[in-house]
Number of protein chains: 2
Amino acid sequence: MKKTSISYDPGGWIIRETGYTPDDTVSIGSNFMVGNGYLGYRGTPLEWGREQYAACVVTDTYDMADGKWRELCTVPNALSGRLVIDGAALEAAGADTVFGLDLAEGRFFRTQETAALTVAEELVADQVDLHLVARRVVLTAVRPASITLQAGIDSDIWSLNGNHFSRQQWAVEALPQADHASGLLRCDLQTGESRIDISVGHAARILLNGQPVTNESVDITNESWHGIGQDFSLAAGDRLELELYMAVYSSEDGIDPVAGVRTSIQRAVSSGWSQLMHESRERWQQFWEATDIRIEGDHEAQVTTRFNIYHNVIAAPRHSDRLPIGARGLSCQAYQGAAFWDQEIFNMPMFLYTDPGVARNILAYRYHTLPGARRKAQRLGYRGAFYAWISGKTGDELCPDYFFVDVLTGRRIRNHFNDWQIHISPDIAYAIWEYLEATGDWEFVEQMGAEVLFEIARFCFSHLYFKKDKDRYETIRLLGPDEYHENVDNNAFTNYQIQFACRAAVAVYERLQRDNPDRLQEIVRQIGLEPAETDDWRDVVDRIYLPQPTLAGQLIEQFDGYFQLEDVFPQEVAARLKDPGEYWGWPNGVAVATQVLKQADVIQLFVQHDAFPIEVQKANYEYYAPRTQHGSSLSPSSYAIIAARVHNRQQAYDFFMKSNTVDLYNTNKAVSGGTFIGGIHTAACGASWKVLFNGFVGFEIENSCMRFRPRLPDQWKSITVPFVFRGQPYRVTVTAGDVLLEFGGDPQHITDLPKVLIGDTEYTMQESLRVPFASGGKDD
Amino acid sequence: MKKTSISYDPGGWIIRETGYTPDDTVSIGSNFMVGNGYLGYRGTPLEWGREQYAACVVTDTYDMADGKWRELCTVPNALSGRLVIDGAALEAAGADTVFGLDLAEGRFFRTQETAALTVAEELVADQVDLHLVARRVVLTAVRPASITLQAGIDSDIWSLNGNHFSRQQWAVEALPQADHASGLLRCDLQTGESRIDISVGHAARILLNGQPVTNESVDITNESWHGIGQDFSLAAGDRLELELYMAVYSSEDGIDPVAGVRTSIQRAVSSGWSQLMHESRERWQQFWEATDIRIEGDHEAQVTTRFNIYHNVIAAPRHSDRLPIGARGLSCQAYQGAAFWDQEIFNMPMFLYTDPGVARNILAYRYHTLPGARRKAQRLGYRGAFYAWISGKTGDELCPDYFFVDVLTGRRIRNHFNDWQIHISPDIAYAIWEYLEATGDWEFVEQMGAEVLFEIARFCFSHLYFKKDKDRYETIRLLGPDEYHENVDNNAFTNYQIQFACRAAVAVYERLQRDNPDRLQEIVRQIGLEPAETDDWRDVVDRIYLPQPTLAGQLIEQFDGYFQLEDVFPQEVAARLKDPGEYWGWPNGVAVATQVLKQADVIQLFVQHDAFPIEVQKANYEYYAPRTQHGSSLSPSSYAIIAARVHNRQQAYDFFMKSNTVDLYNTNKAVSGGTFIGGIHTAACGASWKVLFNGFVGFEIENSCMRFRPRLPDQWKSITVPFVFRGQPYRVTVTAGDVLLEFGGDPQHITDLPKVLIGDTEYTMQESLRVPFASGGKDD
């Protein structure tokens with residue numbers, strides 16, 4: 001499973017990859033990227049350009065260039081350059097090049113040795129000034145060598161779906177108080193469709209043996225590349241440092257982009273590399289203190305877990321409550337830099353329990369995008385809020401009607417992600433309730449959450465059909481998370497989620513009625529809510545059809561008629577492909593008429609609703625697992641959680657590691673049929689955290705109390721997770737024999753804390769509560 | 001339009017086709033076939049065999065040979081033979097051969113002249129003994145010639161989907177009292193799946209110059225062909241006659257097939273050709289007296305109309321109330337010899353108004369197949385009667401899940417004719433109500449119709465979804481008659497039909513309550529009907545969603561969202577085909593995402609419910625006509641009726657002639673992608689009658705009275721249609737200036753007859769009522 005070219009340092013923070021081949025180009029850039037939630041800069045060395053998928057992706061720059069895909073822009077690369085050694089340009093990547101990522105400080109690096117010198121390169125996305133990315137290249141001569149440095153802005157950039165810029169202007173200006181730095185080179189652009197102004201700035205500083213070199217640069221310009229070039233003759237032992245600073249702003253940031261670029265670049269060149277690194281590193285330390293999960297006894301699991309936590313955090317626009325977490329984060333433009341249900345269900349939990357303010361931002365984003373969700377509902381004939389399957393800045397649907405192409409016929413396929421995958425709305429309601437449960441932040445619900453919940457319940461009611469002959473509500477023509485089966489009825493996962501959403505809306509309505517009738521009246525007026533509507537929601541709670549364990553008394557049918565489909569396994573179905581690039585799903589893919597699943601909705605149902613007897617969960621797990629193809633990177637993590645719950649620790653571990661390494665051991669193709677589908681599977685990153693906390697540590701909230709039912713893989717001596725619950729910090733450590741729950745808050749509050757359940761036993765919280773509990777032992 | 005190789009005799013009864021090429025093989029056999037509702041024998045000469053699609057198709061012999069298609073059997077051809085002239089076998093078909101059909105007496109013929117002799121061949125399906133087919137070949141020598149006659153049974157037969165016979169035995173026996181005839185040669189068979197015994201018998205009689213020739217035959221046998229051979233030396237002027245008799249019985253006929261064959265053959269050889277012809281011809285005369293439509297001034301329309309009437313009647317198993325009318329009648333096995341909605345909506349009207357007992361049989365068939373319709377409903381999760389889309393003997397669904405194959409991928413297509421095309425059930429309810437209206441036969445409704453109506457209403461209710469937010473019933477996931485758009489909601493045609501069906505069920509229930517409560521209680525007990533169910537039906541009548549003219553105040557949307565589909569015309573869509581054999585519909589055919597229709601459901605809605613203002617009908621006609629591809633042979637006739645109604649007489653005429661000649665000028669391919677799709681479009685035949693009566697004569701029933709609103713094409717001087725209404729015979733003649741309605745019943749009843757509406761004026765019926773009415777004039 002593990003890629004032999006990848007190694008980890010003993011401390012568990014640094015990942016190195018050697019033995020570069022061109023096939024690794026995409027995954028190195030994605031895996032070793034740097035970012036800060038405002039921008040993502042792919043883990044690419046100085047010399048790489050569009051052919052090597054070098055890119056800086058910037059939040060909040062949605063634009064459509066091809067009439068189909070509205071996506072984030074990649075901006076001109078202001079950390080571009082070349083090294084010419086003794087007249088020959090250095091190739092950044094060779095079999096001896098080491099690429100890597102220091103997770104502790106969010107630092108990409110590359111080292112290389114040539115006959116003449118050693119190259120040590122670093123790249124960081126600043127965590128203080130989110131508009132800044134900095135690169136340093138240090139050359140140490142091992143023999144005399146003549147060197148030419150080139151550095152500047154490359155505007156010939158990789159962009160997935162067309163050129164986004166209708167206007168592009170270059171400018172150079174001096175930098176005051178910028179001792180020995182180059183001037184500020186700027187590229188000012190405007191997007192063609194959305195008319196967003198973007199400014200990208202570049203500055204360079206060069207030091208020879210620690211002494212700044214007066215910049216006697218010569219502008220090198222061609223149509224798309226502008227920058228400086230400077231020659232050096234190095235003696236053996238000479239050390240030449242090149243510091244590059246890139247700043248990027250858009251007109252969506254609320255300030256003039258050009259002014260912003262000036263400020264950021266000015267600060268950067270004034271501070272210099274070491275000072276910037278120091279400040280940024282401090283932020284990373286704070287982050288890891290709150291978020292790092294320790295796994296004793298399994299180095300690979302330890303490092304890959306940190307890798308996933310790292311990518312989940314740099315993907316999230318934590319600075320804003322109006323921006324989505326992209327399905328590929330900021331690692332590339334794939335999936336349009338937009339949010340799916342992934343955001344609430346897979347990305348959010350880590351923030352919810354480590355940095356709840358970010359979870360609040362995520363949910364506030366859904367509040368701010370209510371108008372888009374309302375527009376979608378209305379356009380499709382519904383009421384309330386039907387959230388976009390692919391949601392950008394405004395919440396309007398970004399998912400085009402025709403997503404895939406049938407590779408066998410060349411005909412486009414009308415995928416129904418955008419109109420039939422309705423669970424997105426109740427999923428958001430679920431997340432709001434989960435947020436309230438975990439944080440107790442009723443004020444958020446009053447301000448924002450309630451309106452979202454009401455509009456979601458309203459949407460659900462307007463979508464539901466009532467079968468008078470069966471006296472129940474049904475859902476018709478759905479696509480569940482298992483996207484291989486479109487046009488199904490009563491998808492179990494969706495129906496339970498709808499019931500949950502309606503129940504949450506009723507509960508919040510009733511609490512508002514009691515606690516804050518004025519605010520309720522405000523919302524009621526705002527959205528024209530009729531009192532009878534809440535009766536409708538109550539009626540849905542009572543009478544929506546909830547598929548029960550029926551087959552053999554235990555199996556829940558994923559949707560009406562699923563058990564009548566051809567019962568084959570994924571391998572057999574795969575053998576029916578006439579072309580490996582075929583889409584397996586709608587309308588006529590190989591999985592459609594079979595029980596083969598992309599991901600198991602019934603398993604997902606259990607993940608979100610631990611409301612079924614464990615034997616039922618176990619029976620369904622055993623039925624659905626062999627029928628699941630895991631065509632979604634979200635699938636293994638949910639299986640891992642349920643495997644742990646039904647006490648199948650080895651399979652839980654295997655599923656977890658599959659999820660944990662989906663990107664790092666990148667076995668999926670990054671480019672398929674000419675379409676780039678690479679980049680970081682952000683939701684799988686978030687899901688890893690969730691498996692550890694909800695699966696192995698076995699955390700859940702029961703009647704507003706914490707409950708732990710840990711299952712520890714044999715490979716692990718212990719796992720330690722810091723977390724926040726209802727505003728108080730905790731740390732839980734699970735070993736095979738006991739559970740240690742430590743309270744990190746003010747000891748005075750301990751007596752106010754609710755009871756804690758460990759297994760089935762209730763405990764009173766203490767500063768340090770250690771309870772014997774067998775979380776290992778024999779698998780069932 | 002007209003095929004130049006086809007000509008009509010001046011009397012208007014005989015069709016001749018010359019200039020044979022092999023491409024005509026299928027259409028000659030179909031168009032010139034003979035039949036009697038029990039069997040169909042294709043219009044093929046003595047010499048043709050399986051390669052020329054010679055076949056005798058027999059009702060009530062359903063069998064499945066290939067695991068997919070249950071179809072009627074073709075039986076061994078007992079009218080097979082050869083003519084050898086001066087040592088060379090005669091080719092039956094050449095450029096000089098004349099093939100033809102005498103509609104007046106249901107007689108196929110072929111004439112041919114060789115250097116040595118003339119050949120005059122005739123073929124009839126007996127109208128007295130339905131098990132009998134007879135062929136006569138008369139050779140007249142123009143110079144001395146040596147002739148070998150061979151005649152017998154060919155068991156190497158054409159069968160569409162596999163060999164149906166698991167057992168086959170040959171037998172020869174003497175025929176008592178059969179002067180100069182051959183013995184009886186029999187082939188006894190059993191079907192492999194359905195275990196039906198079938199017996200086919202053959203006898204021959206030869207006359208030389210009018211004198212029976214003592215049969216000194218020699219058996220010629222090979223594996224699949226058994227028969228006699230006899231040599232003759234003819235002098236110039238000699239006339240040699242070969243009479244062949246074929247009888248066929250199956251164990252489904254209620255008598256021993258072998259005994260049946262003996263009786264029929266015995267009668268045939270005893271009677272001889274002339275007597276048989278005489279008796280059969282009398283039946284044809286009676287038929288034409290009741291059914292013939294006279295069109296003055298348009299010979300082509302006259303003959304082709306008779307051609308369609310002929311094929312409608314020979315396709316119908318008039319002798320039975322337990323057998324369906326096949327979509328291709330008995331012309332071949334295509335469409336499995338089974339009934340579609342065509343039967344009630346297109347075939348039945350002609351019988352309803354000319355021979356109501358046959359209409360009763362058709363509906364009784366639906367009563368007898370209730371168990372199959374109940375099984376289908378139950379299997380799919382509904383109650384009541386969901387009639388089979390393709391209905392054979394038992395009423396169980398014969399339509400396989402996978403009907404077509406995607407020619408671009410080779411993948412089979414899951415067509416949803418069988419589970420989503422629900423209008424079949426309310427269509428049958430519609431026909432029952434129409435039957436009651438036209439005949440007044442309440443006794444049929446009491447005995448059979450009521451139970452069918454109740455079970456259909458029950459099915460409709462169990463299929464309907466109620467939208468609480470809209471306070472209405474909706475239909476979800478349908479396929480309307482326009483089969484290019486599957487998975488649609490609220491297909492307007494279907495919703496109106498469901499309302500009609502529920503209203504009819506309620507009306508019949510209430511009348512039974514009043515007039516025959518005992519019988520009602522019997523039915524109620526029989527089918528376990530709850531009193532509340534009729535309230536459900538009333539609720540459906542009141543609250544089913546009935547799409548109204550909305551777009552521009554006039555257009556009715558065929559189904560939810562139709563007007564949002566790409567608005568292109570069929571020609572443009574056809575240009576998108578990558579293969580001419582592609583299916584245009586579900587799931588990914590070229591028409592699916594467009595407004596291009598196979599046939600227009602809104603037009604069909606008007607045909608069956610003249611309940612919309614004429615401007616609305618006109619606007620919809622003009623909108624939908626250019627968007628209709630007429631991929632169904634049922635489409636032009638419905639357009640013709642509405643074109644006439646909206647006073648577009650020229651287009652009505654064009655649509656009518658298109659429908660009237662779909663088979664005779666056969667432009668459709670008979671074999672496509674290796675699959676035989678030829679044969680007679682039986683429903684289009686019935687539809688021609690319907691266009692004439694309901695379109696051009698403009699007949700409809702309004703408040704239990706006859707109403708006429710004629711529209712006469714400019715080409716026609718007059719049209720005369722005999723018909724029966726409420727048990728009384730009438731004849732209507734329309735000219736450009738007046739309408740003549742003649743009463744053919746007992747004049748004493750005239751005072752009891754209801755009023756008649758001609759145009760908008762009410763008249764009292766007289767023996768001969770002539771009313772000025774401008775049915776020609778300027779088209780709108």
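**The interface of chain A and chain B**

B:Glu582 and A:Arg411 form a salt bridge across two chains of this predicted model. The closest N and O atoms of the pair lie 2.7 Å apart. This is one of 6 salt bridges counted between chain A and chain B. Polar contacts join the chains as well: 20 residue pairs cross the interface, with both partners at pLDDT 80 or more.

Which elements of chain A give two or more residues to the side that touches chain B? Two are helices, H9 (442-463) and H12 (531-543). The others are strands: S25 (412-414), S26 (465-467) and S27 (472-474). By class, this side of chain A holds 16 nonpolar, 14 charged and 7 polar residues.

Now take the contact as a whole. Chain A brings 37 residues to it, and chain B brings 37 residues. Interface size is often expressed as the accessible area lost when the parts come together. Here the area buried between chain A and chain B is about 2,800 Å². Carbon and sulfur atoms give 45% of that area. Three residues stand out on chain A: A:Arg411, A:Tyr465 and A:Lys468. Together they supply 24% of what chain A buries against chain B, more than any other three residues.

Last, look at residues 701-742 of chain A. An unreviewed UniProt entry annotates this stretch as "domain: Glycoside hydrolase family 65 C-terminal". In the model, the stretch is 64% strand and 0% helix. Its end C-alpha atoms are 17 Å apart.

Definitions and conventions. Residues are numbered from 1 along each chain as its sequence is written. Chains are lettered from A and ligands numbered from 1 in the order in which they are written. This is a predicted model: local features need pLDDT of at least 70, side-chain atom pairs count only at pLDDT 80 or more; totals for chains, interfaces and linings use all residues. Side-chain values use heavy atoms; hydrogens and water are left out. Contact means heavy atoms within 4.5 Å. Buried area is the accessible area (1.4 Å probe) that two parts lose on being put together, summed over both. A salt bridge is a side-chain nitrogen of Lys or Arg within 4 Å of a carboxyl oxygen of Asp or Glu. A polar contact is a pair of N or O atoms within 3.5 Å; within protein, one must be able to donate a hydrogen and the other to accept it, and residues adjacent in sequence count only if both atoms are side-chain atoms. Helices (H or I, at least four residues) and strands (E, at least two) are DSSP runs, numbered from the N terminus. Ala, Val, Leu, Ile, Met, Phe, Trp, Tyr, Cys and Pro count as nonpolar, Asp, Glu, Lys and Arg as charged, and the others, Gly among them, as polar. UniProt positions are given in the numbering used here, feature names are shortened, and annotations may be inferred rather than shown by experiment.
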